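Reader: Hi, can you walk me through this one? I'd like to start with the charged side chains.

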Amino acid sequence: MRFEDLNPHNLPITYEIEANMRILLAKTRLLLETIPEEILHSNTFSVTSGLRSQAQQQKLIDNGRTKAKMSMHLFGAAVDLYDPRGDLDNWCFDKIGRAHV
C-alpha cells in the first residue's frame, strides 16, 4: 500500500491530514503484515475509500450508506479495504473484537 492509495481523488491536504494519513498508512501496513499468509495471499485487498471530501461524505449520507457526518475519512484517519470474501474482517473480529473494527 502506498500513501497515494489513501487519497485516490487527489484531494488537497493540510499538514494535519498528511500526518494522519502517514499514521494510518503505517498502521494499515502493520495490519497487513500481521495477518496470516493464507489470508493475505488468497485475497486481493485494495483501498475502496480513503480521504473523502465533505461533498463525498454527504453523498454517502444522502444515499443511506453511512450516518456519520464527521467521519474519520474527512481527516485522513480512516481507510476502507476491499475484502471480497470477508476473510480479513473475520480475522480482525477474532483477534480484536467487533467493537474495535
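**Salt bridges and buried residues**

Author: A search of the whole structure finds 5 salt bridges. Keep in mind that this is a predicted model.

Reader: Which residue does Asp5 pair with?
Author: Asp5 forms a salt bridge with Arg2, and the closest N and O atoms are 3.1 Å apart. Arg2, Glu4 and Asp5 are linked in a network of salt bridges.

Reader: What about Glu18 and Arg22, how do they meet?
Author: Their side chains form a salt bridge, 3.1 Å from N to O. Glu18 and Arg22 are 4 residues apart in helix α1 (residues 15-34), so about one helical turn separates them.

Reader: Why does that spacing matter for which way residues point?
Author: An α-helix has 3.6 residues a turn, so residues three or four places apart point the same way.

Reader: OK, new topic. Which residues of α3 are buried?
Author: Gln57, Leu60 and Ile61. They cover an arc of only 100° around the axis, so they sit on the same side of α3.

Reader: And what does the face turned away from the buried side carry?
Author: That face of α3 has the exposed residues Ala55, Lys59 and Asp62. Just after α3 comes Gly64, with a positive phi of about 75°.

Reader: Where is Arg52?
Author: In the loop between β1 (46-49) and α3.

Reader: Why does Arg52 count as buried?
Author: Because its relative accessibility is 12%, and the cut-off for buried is under 20%.

Reader: What does the side chain of Arg52 join up with?
Author: The side chain of Gln57, in a polar contact of 2.7 Å. Leaving aside neighbours within four places in sequence, Arg52 is in contact with residues including Leu11, Leu60, His73 and Asp80. Arg52 and Phe75 are 23 residues apart in sequence, yet their C-alpha atoms are 8.0 Å apart in space.

Reader: Ser71 next. Which residues does Ser71 touch?
Author: Arg52 and Gln57, not counting residues up to four places away in sequence. Ser71 lies in the loop between α3 and β2. Its relative accessible area is 8%, so Ser71 is buried. The side chain of Ser71 also reaches the backbone nitrogen of His73, at 3.0 Å.

Reader: Which residues form the nonpolar patch on the surface?
Author: Met70, Met72 and Phe75. Together they have about 310 Å² of accessible area. Met72 lies in the loop between α3 (54-62) and β2 (80-82), and Met72 counts as partly exposed at 46% relative accessibility.

Reader: Last one. Where does Asp83 lie?
Author: In the loop between β2 and α4 (87-95). Asp83 is buried, with a relative accessible area of 12%.

Reader: And what is Asp83 in contact with?
Author: Asn43, Phe45, Leu88 and Asp89, leaving aside neighbours within four places in sequence. Asn43 is 40 residues away from Asp83 in sequence, but 7.4 Å away in space, C-alpha to C-alpha. A polar atom of the Asp83 side chain also lies 3.2 Å from the backbone nitrogen of Asp87.

Reader: What does the side chain of Asp87 do?
Author: It meets the side chain of Arg85 in a salt bridge, 2.6 Å from N to O.

Notes. Residues are numbered from 1 along each chain as its sequence is written. This is a predicted model: local features need pLDDT of at least 70, side-chain atom pairs count only at pLDDT 80 or more; totals for chains, interfaces and linings use all residues. Side-chain values use heavy atoms; hydrogens and water are left out. Patches are made of residues with over 30% relative accessible area and no salt bridge: like charges are joined within 9 Å, nonpolar side chains (Val, Leu, Ile, Met, Phe, Trp, Tyr) within 5 Å. Accessible areas come from the Shrake-Rupley method with a 1.4 Å probe; for residues, only the protein chains shown count as cover. A salt bridge is a side-chain nitrogen of Lys or Arg within 4 Å of a carboxyl oxygen of Asp or Glu. Helices (H or I, at least four residues) and strands (E, at least two) are DSSP runs, numbered from the N terminus. Buried means under 20% relative accessible area, exposed over 50%, partly exposed in between (1.4 Å probe, protein chains only). The arc is that of the directions from the helix axis to the C-beta atoms. Contact means heavy atoms within 4.5 Å. A polar contact is a pair of N or O atoms within 3.5 Å; within protein, one must be able to donate a hydrogen and the other to accept it, and residues adjacent in sequence count only if both atoms are side-chain atoms.
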